[in-house]
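Please look over the sequence and the structure below. The paragraphs after them go through the fold step by step.

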Amino acid sequence: MSESSTTTVVQRVDAGRRYDILVDGGRAGLTAYRDLGAQRVFFHTEIDEAFAGQGLGAQLVQQALADVRASGMRIVPVCPYVAKFLKRHDEFADITDPVTPDVLRWLEAQLG
């Protein structure tokens, strides 16, 4: 089975406050967020084990962060995967805010 026969799509799911990565129409992973004003706080990213090692996590986060930029918002990388991605991709440095104790307290209250 060749790579080109697989369709991979990243979509924002506003109702679920997440971005999904779909492989051939099925969800292979997600990155979840909550919005705090103009900040999009990413707190969890996961890729299904069946799709591990295919670079889907990086693709998902890359497109999610590009969408944040296009939306005129800022990134707060609470999620360790997103934080690690940002260290390797400084093209998002200009729209990345630090994770502060206030943000963490706010997020904890959001997630209950």
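Predicted model: local features only at pLDDT ≥ 70, side-chain atom pairs only at ≥ 80, totals over all residues.

On one side of helix α2, Pro80, Lys87 and Arg88 are exposed. The buried residues of α2 are Val82, Phe85 and Leu86. These three cover an arc of only 100 degrees around the axis, which puts them on the same side of α2. An α-helix has 3.6 residues a turn, so residues three or four places apart point the same way. What lies over the buried residues of α2? The cover includes β3, β4, β5 and the helix α1.

The strands come next. Strands of a sheet pair through backbone hydrogen bonds, and they do so either parallel or antiparallel. Here five strands make an open sheet with mixed pairing, in the order β1-β2-β3-β4-β5. At the edges are β1 and β5 (74-77), each of which pairs on one side only. From one strand to the next, the twist averages 30 degrees. Strands β3 and β4 run antiparallel and are joined by eight bridges. Gly29, for instance, has Ile47 in β4 as its bridge partner.

Helix α3, residues 101-111, lies across β3, β4 and β5. It runs at about 120 degrees to β3.

Which residues does Leu65 touch, leaving aside its neighbours within four places in sequence? Leu65 is in contact with Phe42, Ile75, Val82, Phe85, Leu86, Phe92 and Ile95.

Arg40 is in strand β4, which spans residues 39-47. Is Arg40 buried or exposed? It counts as buried because its relative accessibility is 5%, and the limit for buried is under 20%. The side chain of Arg40 makes a polar contact of 2.7 Å with the side chain of Asp35. A further polar contact, of 2.8 Å, joins the side chains of Arg40 and Tyr19. Leaving aside neighbours within four places in sequence, the residues in contact with Arg40 include Asp67, Val68, Met73 and Ile75.

Most residues other than glycine have a negative phi. Arg17, in the loop between β1 (8-13) and β2, has a positive phi of about 50 degrees although it is not a glycine. At 37% relative accessibility, Arg17 counts as partly exposed. Asp24 is found in the loop between β2 and β3, and its phi is also positive, near 50 degrees. With a relative accessible area of 45%, Asp24 is partly exposed.

Notes. Residues numbered from 1 in each chain as written. Heavy atoms only, no water. Contact = heavy atoms within 4.5 Å. Helix = DSSP H or I, 4+ residues; strand = E, 2+ residues; numbered from the N terminus. Buried < 20%, exposed > 50% of the residue type's maximum accessible area, 1.4 Å probe, protein only. Polar contact = N/O pair within 3.5 Å; in protein donor to acceptor, adjacent residues only side chain to side chain. Pairing = 2+ DSSP bridges. Axes fitted to C-alpha atoms, helices over the stretch in contact; angles between N-to-C directions. Arc of directions from axis to C-beta.
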